Amino acid sequence: MAGSGETVSNKRVLFKKYVSGFPKESDMYVATTTTELKVPDGCNNGVLVKNLYLSCDPYMVVLMKKSIDPRTFTSYTPGSPLRGYGVAKVVDSRHPGFKEGDFVWGTVGWEEYSLITSFQPFFKIQDTDVPLSYYTGILGMPGMTAYFGFYQVCSPKKGEHVYISAASGAVGQLVGQFAKLMGCYVVGSAGSKEKVDLLKNKFGFDEAFNYKEEPDLNAALGRYFPEGIDIYFENVGGKMLDAVLPNMRLRGRIAVCGMISQYNLDKPEGVFNLMTVVYKRVRIEGFVVTDYYDQYPKFLDFVLPCIREGKIKYMEDISEGLENGPAALVGLFSGQNVGKKLVVVARE
């Protein structure tokens, strides 16, 4: 019985060693231990959860590297479970804000059961008329990243020209749809014909292109934006950012969400067109979604009706079983996912 102290097996994905370059499945391994289905004595405010869905996110590779600024992120510890965003069900609780049976999302370990003692972030799920897995994506961290990155950092206006790189991913697919709801002209780039077709035919982008088929990114952007780009939602970095800068319009805005092309490089690529920022008065702003977690209710008030009314389409790419977690995570960096990548640990 939950909370009774019954001992059960606990499968876990453990971090093996710090990585250099692209992560490999062999940098992680699966092991099984046991855990008691109760919060340990003396663990005041602790919450024990059964993990249901785990989110695969590009930032996780940054935590697999040792050379990291501890003021910004804390690296994974070899021999310990990976950690990331997930959806879970409370098994036992000594925290006044959570009770047995509650569904929650936040940072958990990559394991079947996690003991939660830090609650930044950790949210109780109130709305269960939508799939619980959505809280790894459109109703969780990626959705908030898209919403606040676009509406607050980019300050969009109706009719503006918006470009999104890595546009078929968990964040990009939503930014494009938010921009269309604003009445913007939207172009996205992705890495396959299948993804390009999704952007245009499922997510409603005005145009989309396969960046792998474009020998000259600067020329490609000039073709899709003959009058220039007002807003660039940056997910890629490197050569893509360098090509975007000359194509920006006067007083354009660039929201820097991530730079997936740079995460696996030992020596990051340089950017050479930065004087464009001066000439065109371009504002470049990086942001971190955790700065906006106190506005989560505002985000839900906007996004939930959009989902229920069919105004926003959403696509998941699901791997079944915790043992398939390493392959799912590594696949992000070769573009294997189509939509939001997540791992199902248990349906409930």
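This is a predicted model: local features need pLDDT of at least 70, side-chain atom pairs count only at pLDDT 80 or more; totals for chains, interfaces and linings use all residues.
This report walks through helix packing, aromatic pairs, salt bridges and a surface patch in the structure above.

Residues are numbered from 1 along each chain as its sequence is written, and side-chain values use heavy atoms, with hydrogens and water left out.

## Two helices and their buried faces

Let us start with the helices. Helices (H or I, at least four residues) and strands (E, at least two) are DSSP runs, numbered from the N terminus. For exposure, buried stands for under 20% relative accessible area, exposed for over 50%, and partly exposed for the range in between, with a 1.4 Å probe and protein chains only.

Helix α3 spans residues 193–201, and K195, V196, L198 and L199 are buried there. Seen down the axis of α3, these buried residues fall within an arc of 160 degrees, so they line one face of the helix. The arc is taken from the directions from the helix axis to the C-beta atoms. On the other side of α3, K193 and N201 are exposed. The buried residues of α3 pack against β9 (185–190) and β10 (207–210), where contact is defined as heavy atoms within 4.5 Å.

Helix α4 (residues 217–224) has L217, A220, L221 and Y224 buried. They cover an arc of only 95 degrees around the axis, which puts them on the same side of α4. Their packing partners are β8 (161–164), β9, β10, β11 (229–234) and α5 (239–244).

## Aromatic pairs

The structure holds 30 aromatic pairs. Rings of Phe, Tyr and Trp (its six-membered ring) pair if their centres lie within 6.5 Å; planes under 30 degrees apart count as stacked, over 60 as edge-to-face and the rest as tilted.

One of these pairs is F98 with F119, which is stacked at 5.8 Å centre to centre, with 15 degrees between the planes. F98 lies in the loop between β4 (83–93) and β5 (103–109), and F119 in the loop between β6 (113–116) and β7 (122–124), so the pair ties together parts that are 21 residues apart in sequence. F98 counts as buried at 10% relative accessibility, and F119 counts as buried at 17%.

F178 and F302 form an edge-to-face pair, with 5.9 Å centre to centre and 70 degrees between the planes. This pair links distant parts of the chain, with F178 in helix α2 (residues 172–181) and F302 in helix α7 (residues 296–308), 124 residues apart. F178 is buried, with a relative accessible area of 1%, whereas F302 counts as partly exposed at 26%.

## Salt bridges

A search of the whole structure finds 19 salt bridges. The criterion is a side-chain nitrogen of Lys or Arg within 4 Å of a carboxyl oxygen of Asp or Glu. The table gives three of them.

| Pair | N to O distance |
|---|---|
| K24 and D27 | 3.8 Å |
| R253 and E160 | 2.6 Å |
| K193 and D197 | 2.8 Å |

R253 is buried, with a relative accessible area of 8%, and E160 counts as buried at 10%.

The pair of K193 and D197 brings us back to α3. Being 4 residues apart in helix α3, K193 and D197 are separated by about one helical turn. K193 counts as exposed at 59% relative accessibility, and D197 as partly exposed at 29%.

Elsewhere, K99, D102 and K124 are linked in a network of salt bridges.

## A nonpolar patch

Finally, we turn to the surface. M275, V278 and Y279 form a nonpolar patch there, with about 340 Å² of accessible area together. Patches are made of residues with over 30% relative accessible area and no salt bridge; like charges are joined within 9 Å, and nonpolar side chains (Val, Leu, Ile, Met, Phe, Trp, Tyr) within 5 Å. Accessible areas come from the Shrake-Rupley method with a 1.4 Å probe, and for residues only the protein chains shown count as cover. V278 sits in helix α6 (residues 275–279) and is exposed, with a relative accessible area of 51%.
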